Amino acid sequence: MQKYTLTMRLLHWFMAILILGLIATGWYMEGIPRDAPNKYDLYSWHKSFGLTLFLLVLVRFIVRITSKRPSLSEKMPSWEKQLSRAGHFFLYLLMFFVPLSGIIMSDAGGHPLNFFFTSFDILVTDKKLASIGADFHAILPYVLLGIVVLHLFGVLKHKFIDKDPELDVLKKML
Ligand code: HEM
Ligand code: HEM
């Protein structure tokens with residue numbers, strides 16, 4: 001079975017870990033009361049890794065359109081092919097808009113962006129824009145998580161229910 005290129009595989013797994021970590025830290029940070037002394041401890045890490053993910057998704061778009069990808073098995077029913085393509089499309093869309101909404105929420109809200117040892121601004125302060133960013137950033141990460149769960153079910157279905165090595169898509173990503 002043809003595999004995804006090594007670059008695509010490394011990006012897939014590194015970004016998957018990063019995203020799950022960002023959802024966990026974001027959810028944890030959000031739950032801390034505003035006046036608690038540890039409220040902002042993780043913010044700069046969340047923003048730094050969130051920006052890293054945003055840069056990586058741009059790299060991944062380019063790598064994806066310029067590298068050869070394994071095709072879906074002829075044996076796969078067409079509804080499954082369509083579902084898989086739609087799922088991947090929404091995963092890419094959300095990997096772009098989740099960090100973008102975080103960037104807009106923070107930067108337009110007057111809080112600088114952190115990137116590990118440095119911090120900077122790219123947007124002028126605009127509270128209305130920041131609140132739109134915040135509304136999206138409060139929902140989209142969990143929509144992404146929901147699609148990741150469906151994505152995982154799809155992979156597991158091919159592995160454990162179909163029990164046909166030709167349909168075992170996981171091998172393409174390992
Ligand atoms: C894929 C990347 C990212 C993921 C998966 C993610 C995920 C999350 C989640 C799940 C929350 C909690 C939302 C809630 O329950 O209301 C959150 C909050 C937050 N995120 Fe992100 N985030 C990402 C990128 C970013 C970026 C790039 C920034 C800013 C540069 C950022 C800044 C924030 C801030 C400031 C909060 C607010 C916490 C609070 O309200 O106390 N995030 N994020
Ligand atoms: C945050 C978590 C994840 C994200 C955002 C994600 C995203 C994606 C995307 C966008 C693709 C399509 C690649 C392309 O054609 O360019 C993909 C493929 C794939 N992913 Fe994930 N993934 C995640 C987690 C996982 C997990 C946990 C597994 C399995 C345990 C997994 C297994 C696979 C496999 C096997 C493929 C290839 C599917 C095929 O070509 O038919 N992914 N993933």
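In which helix does His-137 lie? His-137 lies in helix 4, where helices (H or I, at least four residues) and strands (E, at least two) are DSSP runs numbered from the N terminus.

The views below show a predicted model, in which local features need pLDDT of at least 70, side-chain atom pairs count only at pLDDT 80 or more, and totals for chains, interfaces and linings use all residues. Residues are numbered from 1 along each chain as its sequence is written, chains are lettered from A and ligands numbered from 1 in the order in which they are written, and side-chain values use heavy atoms, with hydrogens and water left out.

View 1. His-137 counts as buried because its relative accessibility is 17%; buried means under 20% relative accessible area, exposed over 50%, and partly exposed in between (1.4 Å probe, protein chains only). Not counting residues up to four places away in sequence, His-137 touches His-46, Val-98, Ser-101, Gly-102 and Met-105, a contact being heavy atoms within 4.5 Å. The side chain of His-137 also reaches the backbone oxygen of Val-98 at 3.0 Å, which is a polar contact (a pair of N or O atoms within 3.5 Å; within protein, one must be able to donate a hydrogen and the other to accept it, and residues adjacent in sequence count only if both atoms are side-chain atoms).

**View 2. Ligand 1 and the residues around it.** Of the 25 residues around ligand 1, those that come nearest are Glu-30, Tyr-43, His-46, His-137 and Tyr-142, a residue being near a molecule or strand if one of its heavy atoms lies within 4 Å of it. A polar side-chain atom of His-46 lies 2.8 Å from a nitrogen atom of ligand 1, while oxygen atoms of the ligand are approached by polar side-chain atoms of Lys-39, at 2.8 Å, and of Tyr-142, at 2.6 Å. Helix 1, helix 2, helix 3 and helix 4 each give two or more residues to the shell around ligand 1.

**View 3. Ligand 2 and the residues around it.** Among the 22 residues around ligand 2, Tyr-4, His-12, Arg-64, Tyr-92 and His-151 come nearest. An N or O atom in the side chain of Tyr-4 is 2.5 Å from an oxygen atom of ligand 2, and the side chain of Tyr-92 likewise has an N or O atom 2.5 Å from an oxygen atom of this ligand. A polar side-chain atom of His-12 lies 2.8 Å from a nitrogen atom of ligand 2. Helix 1 gives the most to the shell around ligand 2, with 5 residues.

**View 4. The largest nonpolar core, seen around Leu-53.** Of the 25 residues in this core, Met-15, Ile-19, Leu-53, Leu-94, Met-95 and Leu-144 touch the most other members; a nonpolar core is a set of buried Ala, Val, Leu, Ile, Met, Phe, Trp, Tyr and Cys residues joined through side-chain atoms within 4.5 Å. Helix 1 (6-31), helix 2 (43-66), helix 3 (78-108) and helix 4 (127-162) each give two or more residues to the core, and helix 1 gives the most, with 7 residues. Leaving aside its neighbours within four places in sequence, Leu-53 is in contact with Met-15, Leu-18, Ile-19, Leu-22, Met-95 and Pro-99.

**View 5. Phe-116 in the loop between strand 1 and strand 2.** Phe-116, between strand 1 (113-115) and strand 2 (118-120), has a phi near 55 degrees, a positive value in a residue other than glycine. Phe-116 is partly exposed, because its relative accessible area is 32%.
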